[in-house]
Every structure is written in structure tokens, then in C-alpha cells.
Amino acid sequence: MHLLGNPVVLGACAALLSQSVLAGPVIRDSNHLVGIPKPHDFQKFEDTYQKNIKKSLGKTGCTKKTLAVRKSWEDMDDSTRTDYIRAVQCLASKPPKMDRSLARGAVNRLDDFTYIHINQTNIIHQSGYLLPWHRLFLWQMEQALRDECGYKGYLPYWDNPRFSDDQSKSKLFDGSMTSFGGNGAYVPHGPRKVILPGLVIANFSLPKPAGTGGGCITDGPFKNFTISMGPVAREVIDPNNKYGYEPNPRCLSRDFFNPASQGILNWANATKIVASGTIKQLRNNIEDLWHLNSHTFVGLEAADPFSTPNDPVFYLLHAQIDRLWAIWQGQDLENRTYAIDGNRTFLGIALDYAPNVPRSLATIEDVMDMGLGWNPKTKEGMPTTDDGRCYIYE
């Protein structure tokens, strides 16, 4: 069995349909001087979100004074970008906190995050936990960057729609020393299908299109970056290393696949997502239009559903998804903050170690595994200004 056919087919079809939402006139504010301008319709949703979040703040706990601001990578200054990259490399130089007997390939602090993401992949994707689990995951990374490596800013996001026609023109992927580097070196290759281990359905596969790279990234501050765990989703699964926990030192590679961005990761679809009428529509729109296509565009390490945090751009990719969810929630905080939809496992498929457990729906009282002994309830991962979180996107 394979997942959704070609990973861009649904997105491309939806993108064509979404042109009806293509949000009219555009604005040219000071934060969007470079790239495709933000349309008025999206700005209205963002303005409502920001107004409602600030209005909801009290005089204690999360306040206007303590509210952290997460910004687009495009809108950060060079010194903040440099500091963020330095902090990521700092975590890569620190030893892991996890029990290395669980994964011999975990060699640094970043691998703590990659390990738990691998461990939870079949629970936190295409399920009701996708959004709240990753919200807490991003917050954990932000705290580690700040508390362990002295980063002064907050987690940035990948502003995909501004460069949906050519992401290499963005400050995120332009190859400069204040970017995450660009595409991988070109290596001749074709499309393939990789197997997702751990599901009761044997040989459940995901198509991987052939992009324009395929090799190690050749520029930017992560040019000589070494990763160790994974890959997990492969054409053939090694039963002795099913989840890629064994050491596998290699370069960071990418394989930009432009059809996953052009006409898909655009303002029309971003607007369609935040305009979703229900949590079910929101989750489906994020999955069909944005999530898979964002990973597919970057390719290779970032496109492995399990070990995708190996590519440091993962955190900005998911911060954008978290932002879109936050904007949607912010249209009606009372009724949307704790709205949840989805099964408890990937597409509701039983896991191979619990093949007889029936399909069931996720609830906000369910406990999630965030690694290193932290097991919060799902509802703790839903507000952005409560339960220890205190941030807003701009």
C-alpha cells in the first residue's frame, strides 16, 4: 500500500481549487518588501489573531511584557540569524541527555530531538496529535537553544508563500552564511518509494519524487554538518536497524522538488488553511496542502517522516505550520483553542507491536511522550499563552 499516490497530486489539485480563495489585493508592508507580497485576506486573519491573543492576556502568567514574538526568518536581522545558527551548532556540539543504549546513533543534543521524533512518528503524524505534539516539540527546542546555548531570540518560521515560485531566492535557502544553505549537489536519480516501518500493514510506502539535488549541501553554515541517525524510511527496511538508531555519520543532503512549492505553498493555500471552518477542515488542509509538500520540497533528510529533524530547517518548517494553526485558533480562542480532530495513530492504522488495538479518536486528555521523561496531556500543547507557553507570531 502507498500513501496518497504522488505526494504533490493532492496539493496540486487543491492548489488549483484554492485559487478561488486567492485573496484579492496584496499589501506591501515593511515586513514584506522582498518576495511575493502578503494578500489583504491573509493579513485580516493575522490581524484578528494578534488582536485576540493580546486581548486575552492577563496581568500575571503570560502578559504583554513577557509575550515572546516569533518572526519570519526573512524579517530577522543578520545578527539574530547568525546567533540562531550559532546556537543550533552549539547544541550539535553538546552530548545527548538521553540513554544512549536506546539509540547508539545519538551522539549530540540535537539527536535527543531526532530520537523522540523517530520514536513517536507513527503516533504524531496523520493523527490528532500532529499539531499539539509538534507545538510542544518546537517549544522544547526553543528552550534548549536559549537555556543551553544562550540564544537571545525566539524560534523563527519559514515564510514559504513569499518565495513559493523559487525558494532559493529566500534568505532561508540562498546559500549565504546567514541561511540554512541551499539545495544539495546534483546526483542523477529517479523517483522511488520508501517503506514506513512500524505499521501493522506491511510495506506501507510513501512515494519520493526526484528533485534537482540529491547530494550534500554545498554552501552555507551547515555545509560540513554531520548527522548520525536514520534514514528510517527506506526502499528496504533492515530488521536489525528498523528505526535507524545505529550510527550512520554522513553529510546533510537535500533534493529540492520545486513542484511541491510552486503553486502550492502559496498565499492562496495559506489563506485557505486559516479560513478553515472547522478543526477537521483545518487539519485536512494542513496535511493535504502544506505539511507533506513542505517536507517534499526540501527532500531527502527533511522528507524522511521519521528522522526529519536531522535537517535543522525542520524546526522553521514546523513553526510555520504552528503559526497557521495559531492564526486559525486566534479567530475564536474560546471555541478553537482546545479543538481536536483525528485518530490516535497514523491514519488510524494499528501499530505492529499492538496489531489488535482498534482505531480510536485522540482526545485532549491523552498523554503524549515528548522524550526525556516529559509526558504532558495533549491539552497542554494547544494554547500558545498558557501551560508554560507565552508567544505570538508576527
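This is a predicted model: local features need pLDDT of at least 70, side-chain atom pairs count only at pLDDT 80 or more; totals for chains, interfaces and linings use all residues.
Q: How do you know that the length of helix 5 agrees with its number of residues?
A: Helix 5 runs over residues 130-149, and at 1.5 Å a residue its 20 residues should span 28 Å. The end C-alpha atoms lie 27 Å apart, which agrees. Glycine 150, with a positive phi near 70°, follows helix 5.

Q: What makes helix 5 largely enclosed by the rest of the structure?
A: Of its 20 residues, 16 are buried, so helix 5 is largely enclosed.

Q: Why is the pair of tryptophan 158 and phenylalanine 173 called edge-to-face?
A: The ring centres are 5.4 Å apart, and pairing requires them to lie within 6.5 Å. The planes meet at 85°, and over 60 degrees counts as edge-to-face, so the pair is edge-to-face. Both residues are in the loop between helix 5 and strand 2, 15 residues apart.

Q: What makes arginine 70 a charge over the ring of tyrosine 391?
A: The charged end of arginine 70 is 3.7 Å from the ring centre, where the limit is within 6 Å; it also sits over the ring. Arginine 389 lies over the face of tryptophan 139, at 4.6 Å from the ring centre.

Note on methods. Residues are numbered from 1 along each chain as its sequence is written. Side-chain values use heavy atoms; hydrogens and water are left out. Helices (H or I, at least four residues) and strands (E, at least two) are DSSP runs, numbered from the N terminus. The expected span of a helix is 1.5 Å times one less than its number of residues. Buried means under 20% relative accessible area, exposed over 50%, partly exposed in between (1.4 Å probe, protein chains only). Rings of Phe, Tyr and Trp (its six-membered ring) pair if their centres lie within 6.5 Å; planes under 30 degrees apart count as stacked, over 60 as edge-to-face and the rest as tilted. A charge sits over a ring if NZ of Lys or CZ of Arg is within 6 Å of the ring centre and within 35 degrees of the ring normal.
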